[in-house]
2 protein chains.
Amino acid sequence: MKLYDYLPSGNSYKVRLLISYLGLNYEHVDINIIKGESQTDGFKSVNPAGQIPLLELSDGRRIAESNAIMYFLAEGTPYWPKNAFDQAKCLQWMFFEQYKHEPSIAVARYIHHYAMEQRKSELPALTKRGYLALDIMEAHLADNLWFVVNDSGDGRTIADVALYAYTHVAGEGGFDLTQYPNIMAWLDRFSDHPNHIRITDVPSS
Amino acid sequence: MKLYDYLPSGNSYKVRLLISYLGLNYEHVDINIIKGESQTDGFKSVNPAGQIPLLELSDGRRIAESNAIMYFLAEGTPYWPKNAFDQAKCLQWMFFEQYKHEPSIAVARYIHHYAMEQRKSELPALTKRGYLALDIMEAHLADNLWFVVNDSGDGRTIADVALYAYTHVAGEGGFDLTQYPNIMAWLDRFSDHPNHIRITDVPSS
């Protein structure tokens with residue numbers, strides 16, 4: 001399989017991290033979104049939404065949306081819980097991630113990282129919303145080691161992978177994580193995995 | 001089971017519509033989000049994210065996020081496809097709905113509906129993003145009756161339910177659907193179901 005991917009992207013990192021944990025083989029295809037490579041007619045013929053990551057299977061079929069790709073790779077492995085309620089809770093946190101967390105924390109990181117002067121006026125609202133998302137995570141982690149109850153494997157699910165991706169680089173978006181001890185402990189717990197890779201790393205296979 | 005719900009909300013409507021299609025019994029608990037009832041300490045002790053819909057099972061366990069609730073209700077029924085690839089495509093469209101469609105089309109509808117003068121400056125950007133989401137749906141529906149291949153039931157999946165909810169009221173957000181013949185035909189096809197209900201209806205049970 002082939003992953004259309006941009007290394008600094010947290011959404012792409014989710015998929016690469018899961019591929020590394022699962023020890024899968026894949027081909028990396030670099031799409032530089034900053035240079036506009038995801039908005040060309042060529043790439044849009046592959047993914048009409050003009051987004052990475054995009055997974056292409058060996059038979060040519062394709063899946064977009066980072067969390068949908070993770071579902072496809074995780075289903076039947078210890079990273080996807082076994083019963084329907086826990087699966088729904090896993091999806092609940094993944095939809096929270098895409099609705100409340102990524103649109104504030106990842107976008108603030110993007111504006112900071114690329115020093116986009118014309119978008120700096122968005123930062124106060126993004127910062128407020130991002131901290132609200134972190135508050136919800138912090139409260140949940142006061143009583144839980146991971147985001148979802150999962151009897152399989154070591155307890156991690158793809159909900160943890162989804163939330164780790166942009167939380168661990170929230171500092172690059174101007175967020176101060178030191179006021180969130182439960183999140184800090186969860187980040188440490190999460191990255192303590194023999195196949196862990198950093199955000200711009202390509203898994204060895 | 002109990003659904004914390006606000007009748008004009010498209011996100012709540014998704015769940016109510018699926019409950020009606022599946023012929024399930026439930027108790028309706030009205031939470032008026034316009035009057036701030038989802039932001040009280042009482043409701044936040046039930047759902048820390050302060051959002052409806054929220055499903056409470058008879059044993060007290062709860063699921064938030066409309067699309068996660070739909071997964072829980074649809075899993076094992078004809079509204080959730082049988083194989084992992086089609087399931088992932090179903091989630092792909094549901095994440096698209098929550099990331100690209102709802103944050104533009106539903107928010108534009110909200111600003112129009114409640115004549116929020118102080119937020120009208122957001123409308124040009126929301127309108128542009130909403131039309132991009134509709135373009136993607138229109139192109140997909142040129143070659144497909146439904147959003148996902150599904151051999152079960154009549155072909156509908158929860159991806160269709162998710163996208164129907166705010167698309168069929170996009171006009172209330174200022175969007176002109178007459179330029180989208182494939183979407184118009186799909187809306188007609190979708191609503192042609194014996195248990196179909198309108199957005200502010202409560203399913204009979």
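Mentor: Gladly. Let's begin with a term: a nonpolar core is a set of buried Ala, Val, Leu, Ile, Met, Phe, Trp, Tyr and Cys residues joined through C-beta atoms within 7 Å. Buried, in turn, asks for 20 or more other C-beta atoms within 10 Å of the residue's own. Keep in mind that this is a predicted model.

Trainee: Which residues of the largest nonpolar core touch the most other members?

Mentor: That core holds 112 residues, and those touching the most other members are Leu18(A), Met70(A), Ile158(A), Leu18(B), Met70(B) and Ile158(B).

Trainee: What makes a residue a contact of Leu18(B)?

Mentor: Two residues are in contact if their C-beta atoms lie within 7 Å. Leaving out residues up to four places away in sequence, Leu18(B) touches Met70(B), Leu73(B), Ala74(B), Tyr79(B), Ile158(B) and Val161(B).

Trainee: How do you know that the two copies are related as by a two-fold rotation axis?

Mentor: Look at the superposition: chain B falls on chain A with a rotation of 180°, 0.0 Å of shift along the axis and an RMSD of 0.0 Å. The copies are thus related as by a two-fold rotation axis.

Trainee: Which residue of chain B comes closest to that axis?

Mentor: Tyr99(B), whose C-alpha is at 3.1 Å.

Trainee: Within chain A, what are the domains?

Mentor: The domain assignment gives domain 1 (2-74) and domain 2 (84-191) of chain A. Their C-alpha centres lie 21 Å apart, and their contact takes eleven residues from domain 1 and ten residues from domain 2.

Trainee: Which helix gives the most to the domain 1 side of that contact?

Mentor: Helix 1 of chain A, with six residues. Helix 1 (10-22) and helix 3 (66-74) of chain A each supply at least two residues there. The residues of that side divide into seven nonpolar, three polar and one charged.

Methods: Residues are numbered from 1 along each chain as its sequence is written. Chains are lettered from A and ligands numbered from 1 in the order in which they are written. This is a predicted model: local features need pLDDT of at least 70, side-chain atom pairs count only at pLDDT 80 or more; totals for chains, interfaces and linings use all residues. A residue is buried if 20 or more other C-beta atoms lie within 10 Å of its own, exposed if 12 or fewer, and partly exposed in between; C-beta atoms are placed from the backbone. Copies are superposed by least squares on the C-alpha atoms of residues with pLDDT of at least 70 in both. Domain bounds come from an automatic or database domain assignment. Helices (H or I, at least four residues) and strands (E, at least two) are DSSP runs, numbered from the N terminus. Ala, Val, Leu, Ile, Met, Phe, Trp, Tyr, Cys and Pro count as nonpolar, Asp, Glu, Lys and Arg as charged, and the others, Gly among them, as polar.
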